[in-house]
Amino acid sequence: MITAAQAQTLLDLPKHIVEEEKYLDRKNYAPKLPIDDRIYMASKTDDEFTFFLDIWQRSKQQIKITLYFQEDDSSIGLLRVDFNGRHKNPEIENENVPDIFKPYAGKLLEESHIHYFVDGYKTLNWAIPLEIDDSFPVKNFTDSSQIGSIIQAFGKKINLKTQLKITYQTNIR
């Protein structure tokens with residue numbers, strides 16, 4: 001198990017998308033809706049760790065999307081953003097729960113929210129509404145035209161150095 005400080009260190013590592021064992025400086029990304037993609041990453045400065053980003057969207061609920069980032073080898077979740085999803089926080093807070101999370105102890109979040117690693121709890125068990133998170137600029141997802149800005153914001157949050165050019169297809173198969 002890792003600590004929240006170690007999780008933050010892993011988030012802060014500069015990362016590049018890796019395809020066919022090559023670090024990419026640029027990537028054209030054209031997700032098909034509904035999205036169900038996994039993108040692999042690694043750090044040039046510390047190749048001991050590999051990562052992946054899962055992006056998925058329900059076909060019946062086009063305005064619900066989840067971005068989930070984890071360390072690949074240990075399967076430890078490091079960050080997750082859920083737009084238009086639901087999550088219930090733990091009832092009891094320990095001494096490691098940051099103050100910003102405390103008003104949400106035991107609460108069911110039905111608005112878009114972001115999950116963080118908190119020591120002493122299951123991986124990504126705590127979340128706060130995106131509305132109060134100053135570090136993630138996109139607060140709501142109401143239209144598929146926002147997908148590019150959501151993925152760009154998430155890439156910045158996880159310190160992705162690969163430049164993404166995102167185009168999206170709006171028809172559903």
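1. Helix H2 (147-157) lies across E5, E6, E7 and strand E10 (113-116), at about 20° to E6. Axes are lines fitted to C-alpha atoms, for helices over the stretch in contact, with angles from 0 to 180 degrees between N-to-C directions; contact means heavy atoms within 4.5 Å. Helices (H or I, at least four residues) and strands (E, at least two) are DSSP runs, numbered from the N terminus.

2. This is a predicted model, in which local features need pLDDT of at least 70, side-chain atom pairs count only at pLDDT 80 or more, and totals for chains, interfaces and linings use all residues. Residues are numbered from 1 along each chain as its sequence is written, and side-chain values use heavy atoms, leaving out hydrogens and water.

3. Helix H1 also lies across E5, E6 and E7, running at about 70° to E7. Ala-7, Leu-10 and Leu-11 of H1 (residues 4-12) are buried (under 20% relative accessible area; exposed is over 50%, partly exposed in between; 1.4 Å probe, protein chains only). Seen down the H1 axis, the buried residues fall within an arc of 100°, so they line one face of the helix; the arc is that of the directions from the helix axis to the C-beta atoms. Their cover includes E5 (50-57), E6 (65-71), E7 (76-83) and H2.

4. The open sheet has eight strands in the order E2-E1-E4-E5-E6-E7-E10-E11, with antiparallel pairing (two strands pair if DSSP finds at least two bridges between them). Its edge strands, E2 (22-23) and E11 (126-129), each pair on one side only.

5. E1 (residues 16-19) and E4 (residues 36-42) are joined by two bridges, with His-16 partnered by Ala-42. Seven bridges join E4 to E5, and Met-41 stands opposite Phe-51 in E5.
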